[in-house]
Amino acid sequence: MPAALDVNTLAQFVDPLPIPQIARRDGFRPSPTDPKRSVPFYRIKAQAIVSKVHRDLKPTRFWSFGPSAPGPTFETRAGEPLLVEWVNALPKEHFLPVDRNIHGAESDKPAVRTVVHLHGAKTAPDSDGYPEDWIVPGKSSLYYYPNEQDAAMLWYHDHALGINRLNVYAGLLGAFFIRDSAENALNLPKDKYELPLILYDRLLTRDAQLLYPVSTDPQAPWVPEVFGNAILVNGKLFPYLDVEPRKYRLRVLNGSNARTYHLSFGNNVPFHQIGTDQGLLPAPVPLTALEISPGERADLVVDFTEHRGAQLVLKSDAFVVMQFRVTSAKVADTSSLPPALRPVPRIPESQAAQTRLLTLDEYVNKAGNSAMLLLNASHWKEPVTEKPVLGSTEIWTLINPTNDTHPIHLHLVRFQILDRQPYEPWLFQTKRQLHFMGPPQPPAPNEAGWKDTVRAYSRMVTRIIVPFAGFTGRYVWHCHILEHEDNEMMRPYDVIAAG
Ligand SMILES: [Cu+2]
């Protein structure tokens, strides 16, 4: 493998934080559900680009949606549908190592395939980016997004079976905001005071190219997780941002393959979390540190008023992420941080029509290394076993005997976390008995909103309550550690019509 870059040799805070441009409409098209109505139409091309991640590095090759990675940010409003033609304009060869042992990426499949999933969207199955609905270079898919859901930060990314981890690592992702009047009425910081912070770590070589590692076994190149040496924010390494001494709204997305961030400004600088994956929390939650796993989003309000003239560094564990330079000018901040945001009524457990026990399983090879992960001990190709009824509510009990946290994502739906409880894995594995080792722990206040991705912690039972609403048809649920998802911690599920 080529040598990795020593990022500590680079100057920090020499590049301004880039803000992805807003996606531009390419006209209007008839609505597929109501041809008398015309809806905004976008054409977005997945293509190869080069981009400088740092002032002192050579340009890096990426694949992106449009001319930059991350791709353009969609801005839309609840109830305002739109159409996107996702075009595969990628080269014919992959520049990252495709593992032909992985399901769906066998040697009879084209190396370059893409399909786009809008994470967090309530979308019909034929526009949800089913992993087998990939297209090859030269083809495109027209997807319809009704946006009939609360204001939230969603994100779009590649979801192609067996190579999703490579395509997202290459840069195929971007942000998608839905706004609504309830959010507008809160007078939160907006326009230039509201910024996406799209985080992903990448392994960079000394000549600043993406390195996707492989195992030492050429027969099985898959690695169980990829962690980078460089944390990029909106595509830059160690960026800075000039801010005014006032409130800012930061929309954080963890778009990493495997890394969980623990973000803080150091010195216990307080901030508030006002929203989670699927929109606003009931009330702002004061924090000094934020844990965020792949796939999750956090809506933060940071008040720089008390830091006039200071420089604050955002860190994650030992990593420097970015710098905020607070100007010393006096400014008038007319935005608010209201004490109440949006009601999130807790769903009573009695509402659940069914409870499913679902295991998160890891399998090791003879050398003791991780070789594969499954959901409920089932491969992707096995018959569908989860068939919730449209309009019903279910409890999904996620049993995690592994040593990893798995961020579990369900397509189509939003859910609430009921609790997490430590249990004894061996008893469950041998006798299928759930023996708890401690009391159930309710979700932290900053998780007590609508979620679409939940951290299932090691040796814990994590319970979520899920109303299945929107559409019938085939969707997927999976771990959002992309190496796990590809091999093959992902399962189809069917939403079925009430009998
Ligand atoms: Cu996982």
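Predicted model: local features only at pLDDT ≥ 70, side-chain atom pairs only at ≥ 80, totals over all residues.
Student: Is Pro343 buried or exposed?

Tutor: Buried means under 20% relative accessible area, exposed over 50%, and partly exposed in between (1.4 Å probe, protein chains only). Pro343 has 68% relative accessibility, so it counts as exposed. Its C-alpha atom is separated by 23 Å from that of Ile292, 51 residues apart along the chain.

Student: What does Asn254 count as, buried or exposed?

Tutor: Asn254 counts as buried because its relative accessibility is 0%. Its place is in strand S15 (residues 247-254).

Student: Which residues is Asn254 in contact with, leaving aside its neighbours within four places in sequence?

Tutor: Contact means heavy atoms within 4.5 Å. The partners of Asn254 include Trp155, Leu199, Tyr261, Ile292 and Glu296. For the chain, among contacts between residues at least 6 apart in sequence, 77% join residues at least 24 apart.

Student: Which protein donors does the copper ion have?

Tutor: Donors are N, O and S atoms within 2.8 Å of the metal (3.2 Å for Na, K and Ca); water is not among the atoms, so sites may look incomplete. Here the protein donors are His406 (ND1), Cys479 (SG) and His484 (ND1), lying 2.0 to 2.1 Å from the copper ion. Their spacing along the chain is H-x72-C-x4-H. His406 lies in strand S26 (residues 406-410) and Cys479 in strand S30 (residues 473-479), so this pair ties together parts that are 73 residues apart in sequence. Both His406 and Cys479 are buried.

Student: What radius of gyration does the chain have?

Tutor: The radius of gyration is taken over C-alpha atoms, and the globule rule is 2.2 Å times the number of residues to the power 0.38. With 499 residues, a compact globule would have a value near 23 Å; the chain has 22 Å, which agrees. The C-alpha atoms fill a box of roughly 65 × 55 × 50 Å, taken along the principal axes. Of the 499 residues, 59% count as buried.

Student: How many helices and strands are there in the chain?

Tutor: The chain has 4 helices and 31 strands.

Note on methods:
Residues numbered from 1 in each chain as written. Heavy atoms only, no water. Helix = DSSP H or I, 4+ residues; strand = E, 2+ residues; numbered from the N terminus.
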